[in-house]
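Subject: A structure for you to explore

Hello,

Here is the structure I promised to pass on to you. Please open it next to this email and follow along as you read.

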Amino acid sequence: MSNQHLGQIISGDIVVIGGGTAGIAFVASLLKREPGLNITVIEPSAQHYYQPAWTLVGGGAYELKSTVRPMSVVMPRRAHWLQAAVSHINPESRLLTLDDGRHVSYQNLIVCPGLRLAWEKIEGLQAAIGQYGVTSNYSYQHAAYTWQLVNGLRGGKAIFTQPAIPIKCAGAPQKALYLSCDHWLRQGVLKNLDVEFNLAGAALFGVATFVPPLMKYIEKYRARLAFNSTLVKVDGPSQTAWFSVKGAADEVTLQAKKFDFLHVVPPQVSPDFIRQSLLANAEGWCEVDPHSLQHVRYSEVFALGDVCSTSNAKTAAAVRKQVVVVAENLLALRKQQPFLLKYDGYGSCPLTVEKGKVILAEFGYAGKLLPTFPLDPTVARRLAWYLKASFLPWFYWNGMLKGREWLTRVSKVD
Ligand code: FAD
């Protein structure tokens with residue numbers, strides 16, 4: 001911590017923690033409604049990432065450099081950007097502490113620092129990743145390495161992993177498998193490969209409707225599913241991975257597996273400064289009402305994005321709808337008016353089952369299907385691939401981050 005700013009207090013009105021998908025889209029939408037608002041965004045990173053395209057980068061279908069832009073370019077001009085990280089929140093005194101020693105006060109707080117990828121929870125992973133055939137599409141640094149490995153592999157054992165949920169875009173671990181297998185199939189080498197998908201949970205996908213069409217692809221690619229199997233340790237030089245496997249009687253055994261290719265999805269947790277704050281629920285997530293996204297104990301606080309305690313799929317698609325609800329509800333609160341909009345848990349997972357085709361899974365709370373288009377959502381379609389690989393990235397930078405609220409129909413409070 002630098003001593004330079006120690007004790008300095010900055011007074012904010014609307015203060016937003018995080019300038020990721022949720023933070024920037026929310027601020028842009030709010031300023032479209034009321035351009036004169038005094039908004040401060042606290043965000044340490046000089047870069048802003050479009051994470052949903054990392055799956056495509058790992059599948060050789062997208063350029064890595066198109067997934068990142070300078071934060072200064074995406075930050076709405078009328079917002080004040082404090083380039084620092086929040087290290088402590090005191091919601092009782094409405095005061096934040098930054099990692100450079102400054103303090104920020106607020107009238108309203110919008111919490112959207114995303115989640116933390118806990119790479120360290122898998123022993124040996126940090127030393128191994130990026131070499132020895134160990135990779136992850138969950139990291140900007142390694143998504144291109146996935147494609148390098150996939151493109152070079154001619155045979156052997158390929159292992160894909162999925163940790164315990166919640167994780168962001170719960171379909172992304174299997175998207176990596178499908179795109180890799182599709183490439184190996186087209187190259188005629190899939191027959192030389194033993195492909196295994198190790199999932200910490202007991203189901204291929206959380207919404208049952210989508211399991212049968214996904215199983216068809218698992219069968220097409222001759223991949224084996226290993227349920228209740230959690231990656232706990234990796235040794236790069238010997239290309240060995242260890243899994244904690246839960247049996248039928250809940251007995252746990254440790255199984256070692258050799259690999260030539262290992263795609264890892266890290267465990268995912270709430271950021272420490274949220275987990276340790278009075279805003280957290282028992283699991284560490286920011287505890288908001290699932291429909292209003294207002295904090296359950298501190299009415300001047302809202303949250304959106306991956307940090308929320310809500311049970312929706314943690315996706316940018318969810319953020320697209322949450323932004324409208326929080327923007328409207330925050331303005332209503334400030335005018336002492338009732339909330340008019342509610343969030344229905346919408347999230348979307350475009351499952352890239354082959355290069356050129358996507359099963360567009362869109363669903364809300366309790367797995368309720370919420371398709372945007374009047375088409376059977378269980379069918380893999382070229383149109384949905386176009387949406388995922390071309391339209392949505394364009395719309396993200398030119399629409400969502402600029403406060404243009406397309407495809408954001410939300411429910412009214414009953
Ligand atoms: P982020 O976008 O992660 O932003 C959080 C921001 O908070 C960051 O800029 C960070 O620097 C900042 N921050 C962190 N700590 C602090 C702090 N202490 N103080 C201040 N700021 C802080 N979504 C889809 O809709 N469709 C998909 O197909 C899809 N696929 C995905 C595939 C992969 C491989 C990954 C990784 C994600 C995918 N997602 C997808 C999920 C989507 O990217 C996230 O749900 C979305 O980015 C969440 O937005 P957020 O603002 O909550 O978090």
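**A buried asparagine to begin with**

Asn312 counts as buried, with a relative accessibility of 9%. Keep in mind from the outset that this is a predicted model. You can find Asn312 in the loop between strand S21 (301-303) and H9. Leaving out residues up to four places away in sequence, Asn312 touches Ala318, Gln322, Tyr343, Gly345 and Tyr365. Take Gly345 from that list: Asn312 and Gly345 are 33 residues apart in sequence, yet their C-alpha atoms are 4.9 Å apart in space.

Asp100 sits in the loop between strand S8 (95-98) and strand S9 (103-105). Is Asp100 buried or exposed? Its relative accessibility is 11%, and because buried means under 20%, Asp100 counts as buried.

Thr146 is buried, with a relative accessible area of 1%. Apart from neighbours within four places in sequence, Thr146 is in contact with Gly58, Thr135, Ser136, Asn137, Phe261 and His263.

**The nonpolar cores**

In soluble globular proteins, nonpolar side chains tend to be buried together. With that in mind, look at the largest nonpolar core in this model, which has 77 residues. Which of its members touch the most others? They are Phe26, Leu96, Leu109 and Ile110. Helix H9 (residues 316-334) supplies the largest share of this core, with 10 residues.

Not counting residues up to four places away in sequence, Leu109 touches Val15, Ile17, Ile89, Leu96, Leu279, Glu300, Val301 and Phe302. There is also a second, separate core of 58 residues, and its members include Val189, Phe197, Ala313 and Leu351.

Next, please find helix H10 (residues 382-398). H10 has 17 residues and reaches 23 Å from its first C-alpha to its last, close to the 24 Å expected at 1.5 Å a residue. Where does H10 bend? The bend is at Phe391 and comes to about 40°, and a proline, Pro393, follows within four residues. Several H10 residues are buried, among them Ala384, Trp385, Leu392, Pro393 and Trp397.

A search of the whole structure finds 20 aromatic pairs. One of them is formed by Tyr50 and Tyr396, with 4.6 Å from centre to centre and 45° between the planes, and this pair is tilted. The pair links distant parts of the chain, with its two residues 346 apart. Tyr50 is in the loop between strand S4 (47-49) and helix H2 (54-58), while Tyr396 is in H10. Both of these tyrosines are buried.

Lys233 lies over the face of Trp242, at 4.6 Å from the ring centre. Lys321 lies over the face of Tyr346, at 4.4 Å from the ring centre.

**Some backbone details**

A cis peptide bond joins Ile165 and Pro166, with omega about 5°. Pro166 is in the loop between strand S13 (156-162) and helix H6 (172-186).

Asn228 has a positive phi of about 55°, although it is not a glycine. You will find Asn228 in the loop between strand S15 (224-226) and strand S16 (229-235). Its relative accessibility is 26%, so Asn228 counts as partly exposed.

Leu407 is not a glycine either, and has a positive phi of about 50°. Leu407 lies in the loop between H10 and strand S25 (411-412). Leu407 is also partly exposed, with a relative accessible area of 35%.

Enjoy exploring!

Best wishes

Notes
Residues are numbered from 1 along each chain as its sequence is written. This is a predicted model: local features need pLDDT of at least 70, side-chain atom pairs count only at pLDDT 80 or more; totals for chains, interfaces and linings use all residues. Side-chain values use heavy atoms; hydrogens and water are left out. Rings of Phe, Tyr and Trp (its six-membered ring) pair if their centres lie within 6.5 Å; planes under 30 degrees apart count as stacked, over 60 as edge-to-face and the rest as tilted. Buried means under 20% relative accessible area, exposed over 50%, partly exposed in between (1.4 Å probe, protein chains only). A charge sits over a ring if NZ of Lys or CZ of Arg is within 6 Å of the ring centre and within 35 degrees of the ring normal. A nonpolar core is a set of buried Ala, Val, Leu, Ile, Met, Phe, Trp, Tyr and Cys residues joined through side-chain atoms within 4.5 Å. Contact means heavy atoms within 4.5 Å. The expected span of a helix is 1.5 Å times one less than its number of residues. The bend at a residue is the angle between axes fitted to the seven residues ending there and the seven starting there.
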